[in-house]
Amino acid sequence: MYPPHLLVPMREDLTSVGFEELTTADAVVNTMENAEGTMLVVVNSVCGCAAGAARPGVKAALAASAVKPDKMVTVFAGGDLDAVAKMREYLLPYPPSSPAIGIFKDGELVHFIERHHIEGRSAQMIAQHLEMALEEFCTPANA
């Protein structure tokens, strides 16, 4: 685990734009088992691709998209081990990945962006990908 004080700015990078941080396995279970509508999940990380592409890309997609998820949550790899392990159960069949971005619809994983889809890509590329996914999966059926 990383020293908690080092993670504060990386956590705030997402919580400052409306993400709820899930720091325990119980919080993950409660959130996921009661999920209704659409939910954006970010597995946050200290790595360079999280700082340079994932977090900025997520924030840019949310700023640009007219379509927003009903809920946004995050867990921190290397910071909240139990919460991340529990969230990864909901992200199956995908292998553990951080950073990673998932979209759930009524509790079902419908879109997943793994680390290898983030590494080597710009924040703008991540934002464009995520914006298209938000429009596809978060738009109400009758819209």
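**Exercises on a predicted protein model**

Gly-52 lies in helix H3, which covers residues 48-64. The model used in these exercises is predicted.

**Exercise 1.** State whether Gly-52 is buried, partly exposed or exposed.

*Solution.* Step one is to take the relative accessible area of Gly-52, which is 48%. Step two is to apply the cut-offs: buried means under 20%, exposed means over 50%, and partly exposed lies in between. Gly-52 is therefore partly exposed.

**Exercise 2.** Find how far Gly-52 is from Gly-107, in sequence and in space.

*Solution.* Along the sequence, 55 residues separate Gly-52 and Gly-107. In space, their C-alpha atoms are 29 Å apart. For scale, the C-alpha trace of the protein chain spans about 45 × 35 × 30 Å along its principal axes.

**Exercise 3.** Describe the place of Asp-80 and decide whether Asp-80 is buried or exposed.

*Solution.* First locate the residue: Asp-80 sits in the loop that joins strand E3 (71-76) to helix H4 (81-90). Next take its relative accessible area, 10%. Buried means under 20%, so Asp-80 is buried. Last, list its contacts: leaving out residues up to four places away in sequence, Asp-80 touches Arg-11, Glu-21, Leu-22 and Thr-23.

**Exercise 4.** Work out how the buried residues of helix H2 (residues 25-33) are arranged around its axis.

*Solution.* Begin with the buried residues of H2: Val-28, Thr-31 and Met-32. Viewed down the helix axis, the buried residues of H2 fall within an arc of 90°, so they line one face. Finally, ask what covers the buried residues of H2: the cover includes strand E2 (38-44), E3, H4 and strand E4 (100-105).

**Exercise 5.** Compare the radius of gyration of the protein chain with that of a compact globule.

*Solution.* For 143 residues, a compact globule would have a radius of gyration near 15 Å. The protein chain has 14 Å, which agrees. Two further values complete the description. Buried residues make up 47% of the 143 residues. Of the contacts with a separation of 6 or more, 72% are between residues 24 or more positions apart.

**Exercise 6.** Give the number of helices and strands in the protein chain, and their order.

*Solution.* Counting gives six helices and five strands. Read from the N terminus, the order is α-β-α-β-α-β-α-β-β-α-α.

Methods: Residues numbered from 1 in each chain as written. Predicted model: local features only at pLDDT ≥ 70, side-chain atom pairs only at ≥ 80, totals over all residues. Heavy atoms only, no water. Helix = DSSP H or I, 4+ residues; strand = E, 2+ residues; numbered from the N terminus. Rg over C-alpha atoms; globule rule 2.2 N^0.38 Å. Buried < 20%, exposed > 50% of the residue type's maximum accessible area, 1.4 Å probe, protein only. Contact = heavy atoms within 4.5 Å. Arc of directions from axis to C-beta.
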